Amino acid sequence: MRRPRIKPEHLPVRHGGDRVRIGGVVRGIAADIDDPGGWVWALLELLDGSRTTDQVVADLARLHPQRPGADARAAIDDLIRAGYVEDAGEPDPAGLGAAERERYRRSRALFRWMDRTPRRTSWDTQLLLRGARVVVIGIGGVGCTAAQTLVVSGVGHVHCVEPDVVELSNLNRQILFTERDLGRPKVTAAVERLRAHNSEVRVTGARLLVDGPAVLRTLAIGYDVVLLAADEPPEIRAWTNQVCQATGTAWVHGGYHGPQVGCGLYAPGAGPCYDCARVAERERQVGLPPRTFPAAAGKPRVHAANAVSAGIAGQLAAHATLSLLTGVPRLRTNCEFGFNLVTLQDSFALGPESPRPDCPTCG
Ligand SMILES: [Zn+2]
């Protein structure tokens with residue numbers, strides 16, 4: 001590291017005379033450091049990107065001659081390992097032009113903020129996205145939002161798969177389509193709109209019905225992440241799980257049950273799979289009294305969704321995808337996350353902690 005600097009988003013604050021908080025106020029990022037003598041605070045103030053590591057150590061020794069230089073070097077290494085330090089002297093990244101750096105500089109700031117992994121440069125995350133390929137299956141409410149977020153975020157190749165045409169009842173939530181698109185194939189309209197959002201990335205599409213694991217397998221082997229934004233046919237999540245377990249492809253799904261929105265993210269080989277959770281749920285149900293529903297419950301209801309529920313589910317799926325591609329932020333994988341729009345308070349993570357030996361897919 002040429003000139004170590006505390007990341008601007010992690011600027012430390014001194015509380016009283018004996019405690020320093022670094023990393024802001026966000027849980028999962030911030031940390032408190034005891035500092036009764038003011039030595040840590042002095043070190044952090046010197047890490048402003050204007051000095052080499054040797055100069056920081058020398059200047060700190062002048063301010064606190066009682067502490068050896070080895071302590072300073074160890075503390076700087078600790079701060080780097082903790083993800084609070086970047087190199088103010090980093091060169092411009094190879095592979096990202098000036099226009100791309102301008103386009104993504106606010107993304108860089110947020111990634112840098114959420115990232116606790118030491119990186120070669122502050123642009124590493126964007127470069128990972130630039131080299132990534134994601135297939136979005138289903139360009140409905142969830143898929144429109146998810147695909148749009150991936151494209152504007154700079155994912156290098158986004159491929160859209162969808163069989164249907166645009167209908168009037170789609171326009172309350174499927175944000176890539178306008179009234180002029182009514183009757184057009186969704187995939188045609190979506191690709192056109194996505195390309196207008198970002199000409200720096202590759203956007204492709206296929207008007208295709210996913211009617212079984214064979215189609216999914218073809219898609220899964222060509223991409224880094226499968227983002228499943230379709231809920232039909234009903235077996236599609238189970239198929240995607242089985243196929244991605246076999247191909248080793250990471251996958252994400254986003255969706256909602258009325259006002260309860262959620263996403264799941266799975267990295268095969270890193271923990272329980274989607275079917276493990278279904279096995280665990282069936283086991284849980286066995287111990288409960290039998291449930292009875294009214295006879296009318298089987299009648300079809302209107303699909304309940306708006307731009308908020310579908311959009312948040314799409315954003316959660318996109319966020320999970322960006323996390324799988326970059327490790328920023330490092331989310332728990334192989335589980336489901338949910339969020340309740342009625343209370344805006346209850347978020348939850350679901351799923352067994354470890355793979356089930358009796359899982360039909362990965363056991
Ligand atoms: Zn499993």
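Predicted model: local features only at pLDDT ≥ 70, side-chain atom pairs only at ≥ 80, totals over all residues.
Helices α6 and α7 cross at roughly 30 degrees. They are therefore roughly parallel to each other. Helix α6 covers residues 141–153, and helix α7 covers residues 186–197. Their axes come within 9 Å. The crossing is right-handed. On the α6 side, the contact is made by C144, A147, Q148, V151 and V152. On the α7 side, A190, L194 and H197 take part.

Now step back to the whole chain. The protein chain has 363 residues, and buried residues make up 39% of them. Its secondary structure consists of 11 helices and 13 strands. The C-alpha atoms fill a box of roughly 80 × 55 × 40 Å along the principal axes. Contacts across the sequence are also counted. Take those between residues at least 6 apart in sequence: 68% of them join residues at least 24 apart.

The chain is divided into two parts by an automatic or database assignment. Domain 1 runs over residues 4–87, and domain 2 over residues 131–350. The centres of domain 1 and domain 2, taken over C-alpha atoms, are separated by 42 Å.

Two packed helices are described by the angle between their axes and the distance between the axes. Helix α1 spans residues 39–46, and helix α2 spans residues 53–63. The axes of α1 and α2 come within 10 Å and cross at roughly 145 degrees. The crossing of α1 with α2 is right-handed. A42, L43 and L46 of α1 meet V56, D59, L60 and L63 of α2 in this contact.

Helix α2 also packs against helix α3, residues 69–81. Here the angle is about 130 degrees, and the axes are 9 Å apart. α2 passes α3 in a right-handed crossing. From α2, the contact uses T53, V56, V57, L60 and A61. From α3, it uses G69, A72, R73 and I76.

D59 lies in helix α2. D59 touches L46 and R51, leaving aside residues up to four places away in sequence. D59 and L43 are 16 residues apart in sequence, and their C-alpha atoms are 8.9 Å apart in space.

Move on to helix α8, residues 213–220. Which of its residues are buried? They are L216, L219 and A220. Seen down the axis of α8, these buried residues fall within an arc of 95 degrees, so they line one face of the helix.

Finally, look at the backbone geometry in the loops. Most residues other than glycine have a negative phi, and most peptide bonds are trans. Several places here depart from that pattern. The peptide bond from E232 to P233 is cis, with omega near -10 degrees. P233 sits in the loop between β9 and α9. Another cis peptide bond joins V328 and P329, with omega about -15 degrees. P329 belongs to the loop between α11 (307–326) and β12 (335–340).

That loop between α11 and β12 also holds N334. N334 is not a glycine, yet its phi is positive, at about 60 degrees. N334 is buried, because 23 other C-beta atoms lie within 10 Å.

L344 is placed in the loop between β12 and β13 (347–350). Its phi is near 55 degrees, again a positive value in a residue other than glycine. Is L344 buried or exposed? L344 is exposed, because 8 other C-beta atoms lie within 10 Å, and a count of 12 or fewer qualifies as exposed.

Notes. Residues numbered from 1 in each chain as written. Buried ≥ 20, exposed ≤ 12 C-beta atoms within 10 Å, placed from the backbone. Helix = DSSP H or I, 4+ residues; strand = E, 2+ residues; numbered from the N terminus. Arc of directions from axis to C-beta. Axes fitted to C-alpha atoms, helices over the stretch in contact; angles between N-to-C directions. Parallel < 35°, antiparallel > 145°, perpendicular 65-115°, else oblique. Left-handed = near helix turned anticlockwise from the far one by under 90°. Contact = placed C-beta atoms within 7 Å.
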